[in-house]
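Have your viewer open and follow along.

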Amino acid sequence: MTVTSESHPPAGALIIIAFATFLALVVFTAPLTTLEAMTRELHLSSAGQAWVMGGMPLGAACGLLTAGALGDTLGRRMTFTGGLWLTVLSSVAAALATSGLFLILMRIVQGLGSAGIMACGLGLLGQIYQGEARRHAAAIWAAALGGGVAAGPIIASLLLGVSGWAAIHWLIAVTSALLALAARARLPESQPSGQKVDLAGSVVLMAGLGCLLSALTEARVGSAMTVVTLSASGLLLIAIFVAIEKRVRNPILTLDLFGDANFTGATIAAFASGAGVLALMSMVPTVLVRGLGMEPLFAAVVLVAWSGVTVIAALAARLLPDRFTSRQRVIWAILGCALAQFLLIAADADKTWAAVLPGLFIAGLANGVLNASLGHEAVQTVPPERSAMGSAANNTARYLGSAIGIALVSLLIAEPTVEGFFAGWHGAVIVSTVSSLIGVAAMLFVSRRGTRPTV
């Protein structure tokens, strides 16, 4: 089936894609309020905790470009459905995990499954909807991101009190299976290109990103030689990946896209949002539970001040005046996120949970606008036949940034004492805020290479 016009969208397509996106973010946030329970039962070290938190975004970052290429080459519905079934299998395995290492591996595989959902879900929206309908669909998609972040910790906390930390993974598995069946019946298939998939580039990219994240995780507990070796190996593999992409006929990432200031700016913004606001806000429940002694469910409810507001702001973003271009929205949204991130420095041992509310609320407003604008840009800055690649590149940057950011924050707050914990948290806030500001500076620098149209 070829591209579907906006005048005849398939019934239920937006609902299926939005719920699947919602589910992918539930997978991402599942450990936010169950990490302490998993640590006790599986005897996780500080590095193990960082890997449990960062495993899913690492898997997503590694798999998104491959999923985008598979979607554009073999069919977006096929890849989207395949991602859901992979989520089913990995979630069942995660629920049955009896060791930290096995759970970490399944978290990575869950990320690979989510990659198929995220890359081809937004790609399908770009295929099905055009014009103003596409912008509306992107806003719903962005709201689903925030909804998953809001609901995931709460659902996991409620199930934790009834059936333990593994219960959320059983729920994810059942829901994924139902969505896979609905997607197979209701979503249109894109026209396959018939070209070979760049498997060599996919494997090299996964290995390179894995080495770089491992180096960051090992920086605190590993030897200097291990860190240097992993870092050098990761950089070498990334260089090999670039060389492969320049040679193959059907690369998973067309490097020429970075010649477009629009595409490059959107990718930088996605990375900055992942490394900045997404990573730091994701660790707020850990601050409330481990630092202030709150119950996991209460911590999950407090987080709604960010994630819940994100949903509302994403839906309302389409009401912004048309005179604000997408680039302007993204830049101001990241600046708002940077302010929110800095406000979280107020969290301390002698404060209550209310100290994090101003930062969470402002982050929700800014992050919602950012998600909506980036979702639109991801498919707007690439040719229609490469919409899955555009979506994949954008989400790869976001998840790679979050994997790096979460690993760094986890290591900074790994001190066993309360004083050391909050000293690490304050350092993480500063680093996170600076990363967002650097992202804005990079976007402004890149934008000078060309003139953007108003969208």
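This is a predicted model: local features need pLDDT of at least 70, side-chain atom pairs count only at pLDDT 80 or more; totals for chains, interfaces and linings use all residues.

Residues are numbered from 1 along each chain as its sequence is written, and side-chain values use heavy atoms, with hydrogens and water left out.

Back to helix 12, which covers residues 296-316. Helices here are DSSP runs (H or I, at least four residues), numbered from the N terminus. Its 21 residues reach 30 Å from first C-alpha to last, close to the 30 Å expected at 1.5 Å a residue; the expected span is 1.5 Å times one less than the number of residues. Buried positions in helix 12 include Pro296, Leu303, Trp306 and Thr310, where buried means under 20% relative accessible area, exposed over 50%, and partly exposed in between (1.4 Å probe, protein chains only).

Now look at helix 9, residues 224-247. Its 24 residues should span 34 Å at 1.5 Å a residue, and the end C-alpha atoms are 35 Å apart, which agrees. The buried residues in helix 9 are Val227, Gly234, Phe241, Ile244 and Glu245.

How many salt bridges does a search of the whole structure find? The answer is one, using a cut-off of 4 Å between a side-chain nitrogen of Lys or Arg and a carboxyl oxygen of Asp or Glu. It joins Arg290 to Glu36, with the closest N and O atoms 3.2 Å apart. Arg290 is in helix 11 (residues 284-291) and Glu36 in helix 2 (residues 35-42), so the bridge ties together parts 254 residues apart in sequence. Arg290 is partly exposed at 28% relative accessibility, and Glu36 is partly exposed at 25%.

Aromatic pairs come next: there are five. Rings of Phe, Tyr and Trp (its six-membered ring) pair if their centres lie within 6.5 Å; planes under 30 degrees apart count as stacked, over 60 as edge-to-face and the rest as tilted. The rings of Phe28 and Tyr399 have centres 6.1 Å apart and planes at 70°, so this pair is edge-to-face. Phe28 belongs to helix 1 (residues 13-29) and Tyr399 to helix 15 (residues 387-412), so the pair links parts 371 residues apart in sequence. Phe28 is buried at 2%, and Tyr399 is buried at 2%. Phe258 and Phe263 also pair edge-to-face, 5.1 Å centre to centre with 75° between the planes. Here Phe258 is partly exposed at 29%, whereas Phe263 is buried at 2%.

Tyr399 turns up again in the largest nonpolar core, among the residues with the most contacts inside it, along with Phe80, Leu84, Trp306 and Trp425. That core has 129 residues; a core is a set of buried Ala, Val, Leu, Ile, Met, Phe, Trp, Tyr and Cys residues joined through side-chain atoms within 4.5 Å. Leaving aside neighbours within four places in sequence, Phe80 is in contact (heavy atoms within 4.5 Å) with residues including Ile16, Ala20, Ile117, Leu124 and Leu187.

Finish at Met443 in helix 16 (residues 418-447). Met443 is buried at 5% relative accessibility.

How values were computed
Helices (H or I, at least four residues) and strands (E, at least two) are DSSP runs, numbered from the N terminus.
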